[in-house]
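Hi everyone, thanks for coming.

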Amino acid sequence: QEQLVESGGGLAQPGGSLRLSCAASRFPLSERTIGWFRQAPGKEREFVAAISWSYGTTYYSDTVKGRFTISSDKPTETVILQMNSLKPEDTAVYYCAFPIIGRPSRDGYDFFAQDIQTWGQGTQVTVSS
């Protein structure tokens with residue numbers, strides 16, 4: 001079975017930065033969207049960010065917009081999540097997810113964990129002083 005291989009994460013201070021990577025070289029990325037969800041203790045898994053592989057269109061949750069940036073490295077087929085201005089409430093296990101399906105809503109698109117077919121193993125991000 002193909003796997004999404006994540007790296008990065010760790011401990012950062014509030015206001016600091018971390019970078020996550022997800023290697024997806026064995027997946028049919030063309031015309032699909034890939035990205036990240038996260039899950040904090042006692043909470044449901046929630047959408048963070050996604051990128052359309054073929055068109056580069058990006059999507060963000062309101063809680064991370066303006067602080068996180070998702071990008072793709074085509075030669076290595078890697079998805080990168082650059083997280084800046086981190087807050088304690090960003091503490092969670094972050095999961096690479098594929099494919100991400102956007103369901104049209106009044107404000108744009110909604111993204112649900114139940115639609116994901118393949119998850120990465122998860123990487124811990126802790127924001128604390």
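Predicted model: local features only at pLDDT ≥ 70, side-chain atom pairs only at ≥ 80, totals over all residues.

Residues are numbered from 1 along each chain as its sequence is written, and side-chain values use heavy atoms, with hydrogens and water left out.

Okay, the sheet. Strands here are DSSP runs of at least two residues, labelled E and numbered from the N terminus. Four of them make an open, antiparallel sheet in the order E1-E3-E8-E7. Two strands count as paired if DSSP finds at least two bridges between them. E1 (5-8) and E7 are at the edges with a single partner strand each, so one side of each has no neighbour in the sheet. One example: Ser-21 has Ile-80 in E8 as its bridge partner.

Next, the disulfide, meaning a pair of cysteine sulfur atoms within 2.5 Å. How many are there? By that rule, one. Cys-22 is joined to Cys-96, with 2.0 Å from S to S. That links distant parts of the chain, since Cys-22 is in strand E3 and Cys-96 in strand E9, 74 residues apart. The torsion about the S-S bond is about -80°, so this disulfide is left-handed.

Are these two cysteines buried or exposed? Both Cys-22 and Cys-96 are buried, and buried means under 20% relative accessible area, exposed over 50%, partly exposed in between, using a 1.4 Å probe and protein chains only.

Now the cores. A nonpolar core is a set of buried Ala, Val, Leu, Ile, Met, Phe, Trp, Tyr and Cys residues joined through side-chain atoms within 4.5 Å. The largest one has 28 residues, and Ile-34, Trp-36, Leu-81, Met-83 and Tyr-94 touch the most other members. E9 gives the most to this core, four residues. Apart from it there's another core of seven residues, including Phe-37 and Phe-111.

Last stop: Gln-117, in the loop between strand E11 (108-111) and strand E12 (118-119). Gln-117 is exposed, because its relative accessible area is 63%. Leaving out residues up to four places away in sequence, Gln-117 touches Phe-98 and Pro-99, where contact means heavy atoms within 4.5 Å.
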